[in-house]
Amino acid sequence: QVQLVESGGGLVQAGGSLRLSCSASGSIFRINAMGWYRRAPGKQRELVARITTGGSTNYPDSVKGRFTISRDNAKNTVYLQMNSLKPEDTAVYYCNFQWGSPANFNSWGQGTQVTVSS
């Protein structure tokens, strides 16, 4: 069984920064991509950042230039550095690992709350 454990959420004022971490444990192998998603109240879940094994990243325009995703392959850990936070960034943030070969499995973290006050 694979477990993803997130940390780093919290309350921050607008303009502040937070760093999220997500570590995988268990029978995980061949990590193909790691990502962060968020779900704000009353909204659908959306992709925030994604990084592939090869290091390619993608971000939606809403966070581009403010958020940075990075990874530590040796630790099976992905990070999300969030700068210049805005109230509209308030959401529950979930990490996601796509792994396995040839099948591509999806594993999710439990979610961590990020609240940005104005």
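The structure holds one disulfide. This is a predicted model. The bond joins C22 and C95, with their sulfur atoms 2.0 Å apart. C22 sits in strand β3 and C95 in strand β9, so the pair ties together parts that are 73 residues apart in sequence. The torsion about the S-S bond is about 50°, so the disulfide is right-handed. Both cysteines, C22 and C95, are buried.

Next comes the nonpolar core. The largest one has 30 residues. Among its members, W36, V78, L80, M82, Y93 and F97 touch the most others. Several strands each supply at least two residues of this core: β1, β3, β4, β5, β7, β8, β9 and β11. Strand β9 gives the largest share, five residues. Some of these strands are listed here with their residue ranges.

| Strand | Residues |
|---|---|
| β3 | 18–26 |
| β4 | 31–39 |
| β8 | 77–82 |
| β9 | 91–99 |

What does F97 contact, leaving aside its neighbours within four places in sequence? Its partners include C22, one of the two disulfide cysteines. L4, A24, I28, I31, A33 and M34 are also among them.

Is I31 buried or exposed? The cut-off for buried is under 20% relative accessible area. I31 has 16% relative accessibility, so I31 counts as buried. I31 is found in strand β4. Not counting residues up to four places away in sequence, I31 touches T53, N76, F97, Q98 and W99. The C-alpha atoms of I31 and N73 are separated by 8.6 Å. Along the chain, I31 and N73 are 42 residues apart.

Definitions and conventions: Residues numbered from 1 in each chain as written. Predicted model: local features only at pLDDT ≥ 70, side-chain atom pairs only at ≥ 80, totals over all residues. Heavy atoms only, no water. Core = buried A, V, L, I, M, F, W, Y, C linked by side-chain atoms within 4.5 Å. Buried < 20%, exposed > 50% of the residue type's maximum accessible area, 1.4 Å probe, protein only. Helix = DSSP H or I, 4+ residues; strand = E, 2+ residues; numbered from the N terminus. Contact = heavy atoms within 4.5 Å. Disulfide = S-S within 2.5 Å.
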